[in-house]
Amino acid sequence: MSIKSSRVLRLKRLVRWGGAVATGTVLLAACGSSSSSSSSATTVPKPTITLVTNSWEGSLANNVVAQYVIEKDLHYPVKLLDLAEIPAWPATAAGSVSAVLEVWGHYNHYQTYVVGNHEVINAGLEGPTGNIGWYIPTYLLKAHPELATWQGVKADWKLFVTPQTAPQGEFLDGAPSYVTNDAALVSTLGINLKVVYAGSEAAQLSQIETAYKAKKPIIFYWYTPQYFNHVYSFSQVALPPFTQACAKLPAAQIDCAYPPYYLYKIMNSKLPTTAPAVAKFIQAFNWTSADQNSVSYDMAVNKLSGAAAAAKFVNSHQSLVQSWLNGSPTPKKAPVLGT
Amino acid sequence: MTMLAEPNEQVELAAKPELPSDRRTTKLKVSKLAKAPWSGLFVLFLAIVISAIYSGFSSGFPTSWVPNITTWFNSLANWITIHQNTAPFFVHFLTPIGNWLGNSVNALTNLLNWLSWPGVIAVFAGTAVLAGKWRVGIFVVIAMIYFGVIGLWSASMSTLALMSVAVLISVVLGVPLGIAAASSRVVEEAIRPVLDLMQMLPAYAYLVPIVLLFGIGNSGGIIATVIYAIAPVIRLTMLGIHSVPYETVEAGKSFGSDRWQLLRKVQLPLALKPIVLGINQVIMMALSVVVIASLVGTGGLGDPILQALNIVDVGDALTAGVAIVLMAMILDRIVSAVAENVGRNVSTKGQRVLISPRNLRILVGGLVIAAILLGHLIGGGGTFPSGLSLSLSNPVNTFLSFLQRHLYHFSSIPIVGGTSNLSSFTTLEILNPLTRILGDIPWWLAIFGTGVIGYLVAGWRRAVLVCVGVAAIGVLGMWTDASVTLAQVLVALVMCVAIGIPLGICAYWWPPLEKVLRPILDILQTMPAFVYLIPVVLFFSVGNMAGVAASFVYALAPAVRLTNLGLRQIKVDMIEAGNSFGATRFQMLRKVELPAARSTIILAVNQTIMLVLAEVIVAGLVGAGGLGYDVVVGLGRDEFGLGLSAGLAIVVLGIVFDRLTQGRPAGRRG
């Protein structure tokens, strides 16, 4: 009993101490927050602008540059938020995210939030055109020039046999959130390849890097703009040209190349009233694939911090930055079905 | 590091209260079989044969029997999407809860920033010192300086705030739930399957609806974390209260305590130790979803890992991963230290003290205030000076490519070949054929076979349960993908057992090995799997072998630890008896030690399977396909239904395996 009662006593003491500490910290916090609010009351409070960073480096490149300009020239605080593509839509609709500067397709979400309930605004084109397709390392194309087209791949499928897919060849697909028709394509075009889904872009990139260093054959789903294309040299395999008729086919019967993706920006519908200058900037923001890749490259390969890479870009592209601050909105283009 | 292992081991043991002591094990007893009630099994057999004939003995699960569950889930998600800003239940109930939680995390983050980095370090180290743990205090100081030196101080503080609130909510909800479950059989039976579901359903599968209902950022992140991490504290509170000796409770009653007094003065204080173990386990589980929470915008230490993955920079990912491991250790040790201090007997305290407790408190208080003042003097908004940034990126990446160059290719290692060879061999000779065989087993035979195994090892009630489970995988429409996953789970399990159990035995024979293994196993278990996602691909190529490798790394720990623990727990007199008969070391192992440690080793297998299944998602991220990939696609491509169906199939697989490896249930739980 004595041990037990002493335990109870100590438990009580702990609760009392804990209570005292908690009260103390709450009081301190109250002091802290009141002092900070009184100091900020002298300036006009500006809402924090939240930009979504998706799981590819280009998306971060857009954001660090936008953050730099918005903070330096428009004096709004900016927060970059890592978020998966799908949650980014309801978050932009709800206003917890201000804008997404690079959207690939997302026809269905566009119908729900932009066309449907108007909670999200199409902020115009970003500039680069997303080019999805089949790629091989350039050293492989040099050794096998026929691989420039899908017919060549069809003839040379044996090059790509791996233990994973044996006796078939392997076609390496990437992040599951990206739209792919590759399983349909290999079957409709009658190519003896089996699609392996890497499950994440990191896994796909590691696999490509390993093959590249050993100069082994590999064929994979890839896209531009992507800074990785400046680290390694890839060549695109020509697929049957994209047609509207083909896009309307059921997913399993698609037999043509991917449509061009006109990358676009979206923002919360209330942003033009809560932060008009920022809304104007986001609508005017546009650059080229090369611009984006240079910033990505500086961060990923040269290991510059986001702010340093942005500063470097902004300082060498003053007139472009001025056109974002004073220019007119970029043209709009809604995503098409199947993207 | 050593302290981390101790509670874990006990939790692993304690978390399975149903596991019998020694008698009721999975060993097949022929004499028992002869007396068995075959009638139950016969009915089962008949039911399966009839349905097999009905389906025309098809080998794949009959598609016409798969209801459109995926579509139902999808329309549910669509309904939520449409109504998230209009339905009163969402707008006036769920959204405010989400906002309140999010705001409390933000408030705590602000408080931590206000304390400034010297202040935070002083508060945490001071708590440890006040609890009488100087060494923990020193560890906390070093670990927290690491957060600053790698340039992730503010990210660490957001994660710390999120974790603290998540753990607090888990305790505030979990302890009463555990008490309720301990005092009512009905509540207990109702709560058990829910706990299984919460613990085994991959968080990936329900992120989208959580974001729709509670919003992104800390609001959604905290809900996802609590759902995943709350189960252990409920289970262990339940266990703790159950384990209070009957006589003690009776004594309390005889003194005239009412139910509330009994709970407060007798049961809770005596159940404190298991409850604290439960809290420690909550901390570990909560920290294991930090990276996943970052996918819904919580920020914190998950962000640098996700960003490092985008640029295939293992060094950067590891730098942040180590911070997560350290965070887990800090919280774990402080909670343990404080709890130990509370539970300690007063009379043994106070020996050999340099400073009286009162003076120590004044000293620590003074130091904290001084540290806060110092932090404010330095300025910089409370974050660590950025000039000191250190990165492991370069050395780690250089080392990794060195390793890959020398281990991957054919000629790297004599006779065996490189890891690429190992990977091709396992894929071609083991994984691919096994996947094919499992996929080709007629569904009715699979159900019947599982039923027979279930009957033999765990009695016929469990046999019915596992049959229903296997059938449910078919009904969920996951038959083929489940066979892909199952093949990998089995291979990973065999690898863990084949390497883990001998390692555990070696560490028992030669204790210094155990000292070396402990920190390594701790790190393997707390390191976010996202960190070693790239290395497994570098060594084993995208595919099912990469998935197996990732699962192996993560699930090795319990096999080693529990084998070791089981052997160490053998009573001395048993070993003495063996020695006096002149048994050799191997005879001893085979005839005395392994049989005595059998139940713990079976538990090791059980825990290994659970961890392998928890890693199925990561396998999906490195190209292993199967259920894990479906769950990842569910989140990535807005196919909530597919993700949830696959997630549920993982849960069902887990329950089937768990029930099969738990052995014969004790009386009432059959």
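A search of the whole structure, which is a predicted model, finds one disulfide over all chains. The bond joins Cys246(A) to Cys256(A), with an S to S distance of 2.0 Å. The torsion about the S-S bond of Cys246(A) and Cys256(A) is about -85 degrees, so the disulfide is left-handed. Cys246(A) belongs to helix 10 (residues 244-247) of chain A, whereas Cys256(A) sits in the loop between helix 10 and strand 9 (261-268) of chain A; the two are ten residues apart, and the pair links distant parts of the chain.

| Residue | Relative accessible area | Class |
|---|---|---|
| Cys246(A) | 5% | buried |
| Cys256(A) | 3% | buried |
| Cys496(B) | 0% | buried |
| Cys506(B) | 34% | partly exposed |

Because buried means under 20% relative accessible area, Cys246(A) at 5% counts as buried, and so does Cys256(A) at 3%. Cys506(B), at 34%, counts as partly exposed.

Chain B contains 32 helices and zero strands. Of its 670 residues, 56% are buried. Among contacts in chain B between residues at least 6 apart in sequence, 82% join residues at least 24 apart.

In soluble globular proteins, nonpolar side chains tend to be buried together. The largest nonpolar core in this model has 250 residues, and those with the most contacts inside it are Trp134(A), Met144(B), Phe147(B) and Tyr204(B). Helix 7 (residues 153-183) of chain B gives the most to this core, contributing 15 residues. Another core, of 35 residues, lies apart from it and includes Val64(A), Ile70(A), Tyr76(A) and Ala310(A).

Leaving aside neighbours within four places in sequence, Met144(B) is in contact with Val120(B), Ile121(B), Phe124(B), Trp153(B), Leu160(B) and Ile330(B). Ser170(B) is found in helix 7 of chain B. With a relative accessible area of 1%, Ser170(B) is buried. Not counting residues up to four places away in sequence, Ser170(B) touches Val175(B), Val226(B), Ile230(B), Val233(B) and Val282(B).

The structure holds eight cavities of 30 Å³ or more. The largest cavity has a volume of about 460 Å³. Its lining comprises 27 residues, of which Ser55(A), Ser177(A), Tyr204(B), Leu295(B) and Leu306(B) lie nearest the centre of the cavity. The elements giving two or more residues to this lining are helix 3 (85-94) and helix 8 (201-213) of chain A, together with helix 16 (302-310), helix 25 (529-540) and helix 31 (626-636) of chain B. By class, the lining residues divide into 16 nonpolar, eight polar and three charged.

Leaving aside neighbours within four places in sequence, Leu309(B) is in contact with Ala202(A), Phe530(B) and Ile534(B). The C-alpha atoms of Leu309(B) and Val531(B) are separated by 8.2 Å, although the two residues are 222 residues apart along the chain.

Terms used:
Residues are numbered from 1 along each chain as its sequence is written. Chains are lettered from A and ligands numbered from 1 in the order in which they are written. This is a predicted model: local features need pLDDT of at least 70, side-chain atom pairs count only at pLDDT 80 or more; totals for chains, interfaces and linings use all residues. Side-chain values use heavy atoms; hydrogens and water are left out. A nonpolar core is a set of buried Ala, Val, Leu, Ile, Met, Phe, Trp, Tyr and Cys residues joined through side-chain atoms within 4.5 Å. Buried means under 20% relative accessible area, exposed over 50%, partly exposed in between (1.4 Å probe, protein chains only). Helices (H or I, at least four residues) and strands (E, at least two) are DSSP runs, numbered from the N terminus. Contact means heavy atoms within 4.5 Å. A disulfide is a pair of cysteine sulfur atoms within 2.5 Å. On a 1 Å grid over the protein atoms alone, a cavity is a set of points where a 1.4 Å probe fits but cannot get out, and a pocket is an open set with protein on both sides within 12 Å along at least five of seven lines; lining residues have an atom within 4 Å of a point. Grid points are joined across faces, edges and corners, and a volume is the space filled by probe spheres set on the points. Ala, Val, Leu, Ile, Met, Phe, Trp, Tyr, Cys and Pro count as nonpolar, Asp, Glu, Lys and Arg as charged, and the others, Gly among them, as polar.
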